[in-house]
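Reader: Please take me through a cavity and a helix packing in this model.

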Amino acid sequence: MATVPQPRDHKFAERRAELGEAALQTLAELGYARTSLREIAQNSEFSHGVLHYYFTDKLDLILCSVRQYKARCVKRYDEVTATATTYDELLDGFVAALGDTLRKEAPMHRLWYDLRAQSLFEEAFRADVAEIDKSLEKMIWRVMSRFAEITGEPVRVPSSVAYASFDGLFQQSLLKYLSGDKKAVAAMQANVRLVVSRLVGVELPVKPRRSALARNRLNTA
């Protein structure tokens with residue numbers, strides 16, 4: 001991908017970050033294939049000339065925006081990891097954060113998966129997508145490492161497998177959520193709890209089963 005025009009001073013970088021943040025909502029709504037710098041400008045308060053000065057093309061802008069958004073996501077989960085002192089606190093915080101971001105920021109995640117899928121065809125930005133993806137894998141591994149630290153049990157899979165497990169669940173749930181499935185978030189959270197328990201060897205609590213006598217009483221009531 002072509003480099004951003006000079007000068008690359010601190011104020012220039014700050015302005016890029018500001019514009020990338022401002023354009024994020026428009027990018028999330030339109031997606032990769034339907035956007036150009038001109039279309040983004042038409043849906044924002046910034047002129048096409050301003051965007052073209054700070055970004056070489058739409059790819060440059062999209063990557064800037066997504067990188068900033070994903071950096072905030074990483075920080076959010078790191079805060080959960082840092083404050084939890086028990087297995088239940090960490091698990092509750094982890095699944096709550098996943099649920100909140102799916103409900104409130106689905107278009108942003110859709111943009112990320114759109115961009116990642118496009119990198120299979122567009123070699124020009126494959127390295128940037130891989131870098132963002134790796135930061136998310138490291139974030140998941142920090143969460144799992146904290147689970148291991150609390151439980152005293154090692155994580156049973158490599159970081160790439162752990163990340164693929166949660167990322168797959170999240171992407172699957174995102175599709176269901178965008179399709180109107182009202183149970184998508186709760187189902188994802190239940191599955192995340194199950195996967196975490198398997199990866200660190202902690203058994204989920206089992207609901208007590210009714211005795212045969214109790215079941216008979218219910219059936220004859």
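**Cavity and helix packing**

Author: α8 gives the most to the lining of the largest cavity, with 4 residues. Helices are DSSP runs (H or I, at least four residues) numbered from the N terminus. The model is predicted, so local features need pLDDT of at least 70 and side-chain atom pairs pLDDT 80 or more, while totals for chains, interfaces and linings use all residues. Residues are numbered from 1 along each chain as its sequence is written, and side-chain values use heavy atoms, without hydrogens and water.

Reader: How many cavities of 30 Å³ or more does the structure hold?

Author: Rolling a probe the size of a water molecule over the atoms shows where empty space is left. Here a cavity is a set of points, on a 1 Å grid over the protein atoms alone, where a 1.4 Å probe fits but cannot get out; lining residues have an atom within 4 Å of a point. The structure holds 1 of 30 Å³ or more. The largest cavity has a volume of about 240 Å³, the space filled by probe spheres set on the points, which are joined across faces, edges and corners. Of its 17 lining residues, Y77, L98, M139, D167 and F170 are the closest to the centre.

Reader: At what angle do α1 and α4 pack?

Author: Axes are lines fitted to C-alpha atoms over the stretch in contact, and angles run from 0 to 180 degrees between N-to-C directions. Helix α1 (residues 10-30) and helix α4 (residues 58-83) pack at about 90°, with axes 8 Å apart. They are therefore roughly perpendicular (65 to 115 degrees).

Definitions and conventions: Helix = DSSP H or I, 4+ residues; strand = E, 2+ residues; numbered from the N terminus. Parallel < 35°, antiparallel > 145°, perpendicular 65-115°, else oblique. 1 Å grid on protein atoms, 1.4 Å probe; cavity = no way out; pocket = protein on both sides within 12 Å on 5 of 7 lines; lining within 4 Å.
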